[in-house]
Amino acid sequence: MALPSILVLISGNGSNLQALIDNCNSGKIPGKIIHVISSSSKAYGLERASQAGIPTMTHELKTYYRGIPKENKDARDEARAKFNKDLVNIIIGKLKPDVIVCAGWMLILSSDFLKPLHQAKIPIINLHPALPGQFEGTNAIERSWKAGQDGLVDKGGCMVHYVIEEVDKGTPLIVKEIDVKKESLEEWEARIHALEHEAIVEGTIEVLKQLNAK
Ligand code: GRF
């Protein structure tokens, strides 16, 4: 029986993608990465995918914004909606994955992207480098480190959650915690990234399990 197909969305270095590649190759993740889509043509993750023989494509927002001045908010909103619609049409119409994993995908995915996926029954999960209900949005690692060093929180960590319209608010599949201690941002970041590389694998295994349970 064919392995479930996984589409991975990235924007940068791809160290979490690499964890997925390695663990699919070892069989720990019972799935096959069929495609990697990056929101940046400069993402090193594209190189990682190519080296693993995985087809890639880029889908860049700046291409849609080209020629539209920043001040022209309506035109930019329209372009953003087309970016989302084109992306979801490629995914549902062409790639047809069983699941989608956002592994360092840095763009907010709005309802015109999520609704068609929901109708197509394609679950989408995301890795976020903070605990549920804490530090949603960007720069979560730095914000959680600062809060820890200021004594406002005594734990940090990361989670893999289902993607819903509210950013970083979907039901968690995996939550991993670390205790705050006196340390540099770099040390905190390294500990969080190590945790992420485990969480992204466990979260993908879990979403495949829940898919099969349906
Ligand atoms: C990770 O910290 C992820 O949580 C955040 O961006 C980073 C991606 O790292 N969204 P990589 O591209 O997987 O190395």
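This briefing describes the helix packing, the sheet and an annotated span of the structure above. The model is a predicted one. Seven strands form an open sheet with mixed pairing. Helix H1 packs against helix H2 at an angle of about 15°, and the axes of H1 and helix H7 cross at roughly 50°. Helix H6 and H7 cross at roughly 120°.

**Annotated span**

- The UniProt record, an unreviewed entry, places the feature "domain: Formyl transferase N-terminal" at residues 6-202.

**Sheet**

- The strand order in the open sheet is E3-E2-E1-E4-E5-E6-E7, and the pairing is mixed.
- Strand E3 (56-58) and strand E7 (172-179) are the edge strands, each of which pairs on one side only.
- On average, neighbouring strands of this sheet are turned by 20° against each other, with direction ignored.
- Strand E2 (residues 32-38) and E3 run parallel and are joined by three bridges.
- Within E3, Thr 56 stands opposite Val 36.

**Helix H1 against helix H2**

- Two packed helices are described by the angle between their axes and the distance between the axes.
- For H1 (residues 15-25) and H2 (residues 44-51), the angle is about 15° and the axes are 9 Å apart.
- Because angles under 35 degrees count as roughly parallel, H1 is roughly parallel to H2.
- The crossing of H1 past H2 is right-handed.
- On the H1 side, Ser 15, Leu 17, Gln 18 and Ile 21 take part, and they meet Gly 45, Arg 48 and Ala 49 of H2.
- Three nonpolar, three polar and one charged residues make up the contact of H1 with H2.

**Helix H1 against helix H7**

- The axes of H1 and H7 (residues 185-213) come within 9 Å and cross at roughly 50°.
- H1 and H7 are therefore oblique to each other.
- H1 passes H7, too, in a right-handed crossing.
- From H1, the residues in contact are Ser 15, Asn 16, Ala 19, Leu 20 and Asn 23; their partners in H7 are Glu 196, His 197, Ile 200, Val 201 and Thr 204.
- By class, this contact of H1 with H7 divides into four nonpolar, five polar and one charged residues.
- Ser 15 of H1 takes part in the contact with H2 and also in the contact with H7.

**Helix H6 against helix H7**

- The axes of H6 (residues 140-149) and H7 come within 10 Å, with a crossing angle of roughly 120°.
- This angle makes H6 oblique to H7.
- H6 passes H7 in a right-handed crossing.
- H6 contributes Ile 141, Glu 142, Ser 144 and Trp 145 to the contact, while H7 contributes Leu 185, Trp 188, Glu 189, Ile 192 and His 193.
- The contact of H6 with H7 comprises five nonpolar, two polar and two charged residues.

Key:
Residues numbered from 1 in each chain as written. Predicted model: local features only at pLDDT ≥ 70, side-chain atom pairs only at ≥ 80, totals over all residues. Heavy atoms only, no water. Axes fitted to C-alpha atoms, helices over the stretch in contact; angles between N-to-C directions. Helix = DSSP H or I, 4+ residues; strand = E, 2+ residues; numbered from the N terminus. Parallel < 35°, antiparallel > 145°, perpendicular 65-115°, else oblique. Left-handed = near helix turned anticlockwise from the far one by under 90°. Contact = heavy atoms within 4.5 Å. Nonpolar A, V, L, I, M, F, W, Y, C, P; charged D, E, K, R; others polar. UniProt positions renumbered as here; feature names shortened; annotations may be inferred. Pairing = 2+ DSSP bridges.
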